[in-house]
Amino acid sequence: MEKEQYFEDYIEGDRRETLGRTITETDIVIHAGHTGDFFPHHMDEEFCKKEIFGRRIAHGTMTFAIGIGLTATQINPRAFTYGYERLRFPNPVYPGDTIRTTVTIGDMSDDPKRPKFGRVVEISETKKQDGSTVMYCEHILLVEKRSSDGS
């Protein structure tokens, strides 16, 4: 779905929540194959029984990819991704957990290099069914300003 928004249309504090997505063993195996990350923390149940989490955990990179992917429900032709900051995985995701992401509009500022654009920080927080946060990051968007002179 397309939702055209200029920089001036964003409102700090606005938030939206995604649908949920249950993480499966298949997700973990396919992600390992895509990335080459076959660390035993993700692939070896017997190894994990002796480790801190007691069982296999999802890759952080997979949690990021799926958690952010859940937010990709609308296309804004006036914005593009500048990058991500402050990426953290404070709690593990296990096969069978259901995650969803809340996006909150945080800081908004002028872009110092591009006067026709502003920066919008989307605070992305992914939680699982028990309410614990499994991923936090700040998604930086460059968004076109409505005025043609960049002011």
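**View 1. Strand β6 within the predicted model.** In this predicted model, strand β6, which covers residues 133-144, is largely enclosed by the rest of the structure, because 10 of its 12 residues are buried. A residue is called buried here when its relative accessible area is under 20%, and by that criterion buried residues make up 40% of the 151 residues in the protein chain.

**View 2. Strands β5 and β6 and the turn between them.** Strand β5, made of residues 117-128, pairs with β6 in the antiparallel sense, and the pairing extends over 11 bridges. Within this pairing, glutamate 122 is found opposite histidine 139 of β6. The two strands β5 and β6 form a hairpin in which four residues lie between them, and glycine 131, which sits in the turn, has a positive phi of about 90°.

**View 3. Strands β3 and β6.** Strand β6 is also joined to strand β3, which covers residues 79-88, and here seven bridges link two strands that run antiparallel.

**View 4. The largest nonpolar core.** Which residues make up the largest nonpolar core? This core has nine residues, namely Ile23, Ile28, Ala58, Met62, Ile66, Leu70, Val93, Ile99 and Val134. In soluble globular proteins, nonpolar side chains tend to be buried together. When residues up to four places away in sequence are left out of the count, alanine 58 touches Ile28, His42, Thr63 and Val93. Apart from this core lies another one, of eight residues, which include Ala79, Ile105, Met108 and Leu141.

**View 5. The whole chain, for orientation.** The protein chain contains four helices and six strands, and when these are read along the sequence they follow the pattern β-β-α-α-α-α-β-β-β-β. The C-alpha trace spans about 60 × 30 × 25 Å along its principal axes. Among the contacts in the protein chain with a separation of 6 or more, 71% are accounted for by residues 24 or more positions apart.

Conventions
Residues are numbered from 1 along each chain as its sequence is written. This is a predicted model: local features need pLDDT of at least 70, side-chain atom pairs count only at pLDDT 80 or more; totals for chains, interfaces and linings use all residues. Side-chain values use heavy atoms; hydrogens and water are left out. Buried means under 20% relative accessible area, exposed over 50%, partly exposed in between (1.4 Å probe, protein chains only). Contact means heavy atoms within 4.5 Å. Two strands pair if DSSP finds at least two bridges between them. A nonpolar core is a set of buried Ala, Val, Leu, Ile, Met, Phe, Trp, Tyr and Cys residues joined through side-chain atoms within 4.5 Å.
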